[in-house]
Amino acid sequence: MNRREKIARIRMGRWFAWGDVIVLAAAVLLMAACFLIAFYIPKEEGDSFSVYFRGEKIFTAGMEEDAEYLFYIDGNEGIVIPYTGAVDRSDYNLIRVQGGSVCVLSADCPDKTCIYLGERTWGEILCMAHEMMIRVEGGGLETDI
């Protein structure tokens, strides 16, 4: 196609050929399928969770019994204890295990992202302000890799 033919095609308003439309439609369908696979296929549920502070595992508990735990930072150390009903510390996250899921019930971090992540039966909950992560484990969630 020479220059004059290209200009004539542009003036006629034909920006795409039918092959371009088919490729674009296939790409959109592929992206939609990936989205559905990533977000709507049910995940296996875990049976325990671990709390990590600055990348180190500091606590592990099962999710079969309902309980509440208090994570707090003492100096340069992360500590998890059973919750007794009173929070008299700063830099804390209140972790609740209920009905086989885990969540952060309350925290004193400025953005509260860990609370908004909600209840989890798989995956992770992050609190970047406190450098704390909750990871649901077990129940076939591990891989051999």
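## Cysteines

A disulfide is a pair of cysteine sulfur atoms within 2.5 Å. By this rule the count here is 0 disulfides. The sulfur of Cys109 has its closest cysteine sulfur in Cys127, and the 3.8 Å between them is too far for a bond. Cys109 is buried, at 1% relative accessibility. Cys34, at 46%, is partly exposed. Buried means under 20% relative accessible area, exposed means over 50%, and partly exposed lies in between (1.4 Å probe, protein chains only).

## The model

This is a predicted model: local features need pLDDT of at least 70, side-chain atom pairs count only at pLDDT 80 or more, and totals for chains, interfaces and linings use all residues. Residues are numbered from 1 along each chain as its sequence is written, and side-chain values use heavy atoms, with hydrogens and water left out.

## Overall build

The chain has 3 helices and 8 strands. Both are DSSP runs, numbered from the N terminus: helices are H or I with at least four residues, strands are E with at least two. From the N terminus on, the order is α-α-β-β-β-β-β-β-α-β-β.

The chain holds 145 residues, and 28% of them count as buried. Its accessible surface is about 10200 Å², with 57% belonging to carbon and sulfur atoms. Such areas come from the Shrake-Rupley method with a 1.4 Å probe; for residues, only the protein chains shown count as cover. A contact means heavy atoms within 4.5 Å. Among contacts in the chain with a separation of 6 or more, 40% come from residues 24 or more positions apart.

Two strands pair if DSSP finds at least two bridges between them. An open sheet of 4 strands runs in the order β4-β3-β5-β6, with antiparallel pairing. Its edge strands are β4 (77-82) and β6 (101-107), and each pairs on one side only. Neighbouring strands of this sheet are turned by 25° against each other on average, direction ignored. Axes for such angles are lines fitted to C-alpha atoms, for helices over the stretch in contact, and angles run from 0 to 180 degrees between N-to-C directions.

Strand β5 (residues 92-98) pairs with β6 over 6 bridges, in the antiparallel sense. Gln98 has Ser101 in β6 as its bridge partner.

Strand β1 (residues 48-53) and strand β2 (residues 56-62) are antiparallel and share 6 bridges. Ser50 faces Thr60 in β2. The two strands form a hairpin with 2 residues between them, and Arg54 in the turn has a positive phi of about 55°.

β1 also runs antiparallel to β8, joined by 6 bridges. Here Val51 stands opposite Ile134 in β8. Ile134 is also the bridge partner of Ile125. Strand β7 (residues 124-127) pairs with β8 over 4 bridges, again antiparallel. Their hairpin has 4 residues between the strands, and Glu131 takes a positive phi near 55°. Strand β8 (residues 132-137) is mostly covered, with 5 of its 6 residues buried.

## Aromatic pairs

The structure holds 4 aromatic pairs. Rings of Phe, Tyr and Trp (its six-membered ring) pair if their centres lie within 6.5 Å; planes under 30 degrees apart are stacked, over 60 edge-to-face, and the rest tilted. The ring centres of Phe49 and Phe59 are 6.2 Å apart and their planes stand at 55°, so this pair is tilted. Phe49 lies in strand β1 and Phe59 in strand β2, so the pair ties together parts 10 residues apart in sequence. Both residues, Phe49 and Phe59, are buried. With Tyr69 they form one aromatic cluster.
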